[in-house]
Amino acid sequence: MAEIYAISDDMLMPENLALQYTREILECGVKFFQFRSKKEPKNEKIASEIFNLCEKFGARFIVNDDIFFAARIGAKSVHLGK
């Protein structure tokens with residue numbers, strides 16, 4: 001399943017289920033997880049917990065469009081759109 005690139009969406013995924021859903025995705029073998037957040041402020045606690053889960057499962061954690069947010073939580077990868 002390494003070819004699947006999972007992308008979260010905080011407008012569609014309830015915050016109280018974000019960790020559960022992410023764990024299930026990672027348990028299936030996904031190796032790329034993009035944290036996409038259009039809300040302001042972004043939820044650093046959830047992002048950090050998801051980042052830690054990705055580290056535990058050996059998956060690349062990618063922050064969408066915000067290099068400063070990525071730096072704050074220690075993420076090593078950023079997707080830059082337009």
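**A guided tour of the predicted model**

Begin by selecting K42 and D66, whose side chains are joined by a polar contact of 3.4 Å. A polar contact is a pair of N or O atoms within 3.5 Å; within protein, one must be able to donate a hydrogen and the other to accept it, and residues adjacent in sequence count only if both atoms are side-chain atoms. This is a predicted model, in which local features need pLDDT of at least 70, side-chain atom pairs count only at pLDDT 80 or more, and totals for chains, interfaces and linings use all residues. Residues are numbered from 1 along each chain as its sequence is written, and side-chain values use heavy atoms, with hydrogens and water left out.

Remain at K42, in the loop between β2 and α2. Helices (H or I, at least four residues) and strands (E, at least two) are DSSP runs, numbered from the N terminus. K42 has 14% relative accessibility and therefore counts as buried; buried means under 20% relative accessible area, exposed over 50%, and partly exposed in between (1.4 Å probe, protein chains only). Leaving out residues up to four places away in sequence, K42 touches S37, D66 and F69, where contact means heavy atoms within 4.5 Å.

Next, select D10, in the loop between β1 and α1 (18-27). The D10 side chain does reach the backbone nitrogen of K38, at 3.3 Å.

Now display the rings of Y5 and F32. Their centres are 6.2 Å apart and their planes lie at 10°, so the pair is stacked. Rings of Phe, Tyr and Trp (its six-membered ring) pair if their centres lie within 6.5 Å; planes under 30 degrees apart count as stacked, over 60 as edge-to-face and the rest as tilted. Y5 belongs to strand β1 (residues 5-7) and F32 to strand β2 (residues 32-35), 27 residues apart. Elsewhere, ring pairs link F35, F51, F61 and F69 into a cluster.

Finally, select F35, I50, C54, F61, V63 and I73, which touch the most other members of the largest nonpolar core, a set of 20 residues. Such a core consists of buried Ala, Val, Leu, Ile, Met, Phe, Trp, Tyr and Cys residues joined through side-chain atoms within 4.5 Å. Helix α2 gives the most to this core, with 6 residues.
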